[in-house]
Amino acid sequence: MNAVIFGAPGSGKGTYSTRLQDKLGVDVISMGDIFRTMLKENTILGRIIKRYVEAGLLVPDPIVVEVLADIIAHNPKGKGFILDGFPRTLAQAEALENIAKIDVIIELAVPDWIIIERLSSRRICKSCGAAYNLRFMKPQVEGICDRCGGSLFQRSDDNPTVIKMRLEVYQNETSPLICFYDTKSVPIIKHTTDALAMPPEKVVDHIVKELTRLTLI
Ligand code: ADP
Ligand code: ZN
């Protein structure tokens, strides 16, 4: 099964895909995690990407498509994957058509006020990328990842000005892609969150139930 998970920043894409990875054994390809690793490497490409990521802007399509195509080419065949953070533009969605077949879309609908609350208290694991929240989804030991023992940090783009920019980019560039897949009759599993502290297990159970109903797992 190859899936794409769509949702605004802070909608839980990373949280739910990590849990689906643990539960179903599918791979998760997270574009944001890939870019954050590239930034740390301080190569020429890393420095170019950094300018966009830190401003909350999209990295140009040709760069993103090349990085993604290379990762999918090296992904073990047959296992299936969840794409988190790709495609984000129509050009990326069109390029993806020639790279892999997408079987299902997972759409996370979360109101802006919840997103802003969540992102400002979000912490990320340095080693495995798992997300926590100091207010509603605390790690068992302060500052330490439950999953791998890595240390937690706050992303530099999780600040109010950049969050606002990322929300706008999602609204304008990425959310229309749901329509793109709907037109192509790719099934869409939609989950709507209306509470600040939604237990992740509830959302994951809903997604698993729907994937089962669609006979994808
Ligand atoms: P978010 O929490 O906003 O969903 P991600 O961790 O997925 O963030 O991505 C962080 C940043 O990396 C984005 O704001 C953007 O600058 C860059 N990025 C990630 N994926 C893409 C993509 N598919 N196209 C262009 N830029 C991307
Ligand atoms: Zn971790």
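Which residues make the nonpolar surface patch of about 250 Å²? The patch is formed by Ile44, Leu45 and Ile48. The model is predicted, and its protein contains nine helices and eight strands. Its radius of gyration is 16 Å, close to the 17 Å that the globule rule gives for 217 residues, so the protein is as compact as a globular protein of that length.

**Overall architecture**

- Taken along the principal axes, the box filled by the C-alpha atoms is roughly 40 × 40 × 35 Å.
- Buried residues account for 47% of the 217 residues of the protein.
- Where contacts join residues at least 6 apart in sequence, 71% of them link residues at least 24 apart.
- The protein exposes about 11,000 Å², and carbon and sulfur atoms supply 54% of that area.

- Helix α3 spans residues 44-55 and includes isoleucine 48.
- Isoleucine 48 has a relative accessibility of 30% and therefore counts as partly exposed, the class that lies between buried, under 20%, and exposed, over 50%.

**Glycine 56 in the loop between α3 and α4**

- Glycine 56 is located in the loop that lies between α3 and α4.
- With a relative accessible area of 6%, glycine 56 is buried, because the cut-off for that class is under 20%.
- Residues up to four places away in sequence aside, glycine 56 is in contact with Val162, Met165, Arg166 and Val169.
- Serine 156 is 100 residues from glycine 56 in sequence, and the C-alpha atoms of the two are 10.0 Å apart in space.

**Helix α5 and its buried face**

- Helix α5 covers residues 90-97, and its buried residues are Gln92, Ala93, Ala95 and Leu96.
- Viewed down the axis of α5, these buried residues fall within an arc of 160°, so they line one face of the helix.
- In general, an α-helix has 3.6 residues a turn, so residues three or four places apart point the same way.

Definitions and conventions: Residues numbered from 1 in each chain as written. Chains lettered and ligands numbered in written order. Predicted model: local features only at pLDDT ≥ 70, side-chain atom pairs only at ≥ 80, totals over all residues. Heavy atoms only, no water. Buried < 20%, exposed > 50% of the residue type's maximum accessible area, 1.4 Å probe, protein only. Helix = DSSP H or I, 4+ residues; strand = E, 2+ residues; numbered from the N terminus. Arc of directions from axis to C-beta. Patch = residues over 30% accessible without salt bridge, like charges linked within 9 Å, V, L, I, M, F, W, Y side chains within 5 Å. Areas by Shrake-Rupley, 256 points an atom, 1.4 Å probe, with all protein chains shown as cover. Salt bridge = Lys/Arg side-chain N within 4 Å of Asp/Glu carboxyl O. Rg over C-alpha atoms; globule rule 2.2 N^0.38 Å. Contact = heavy atoms within 4.5 Å.
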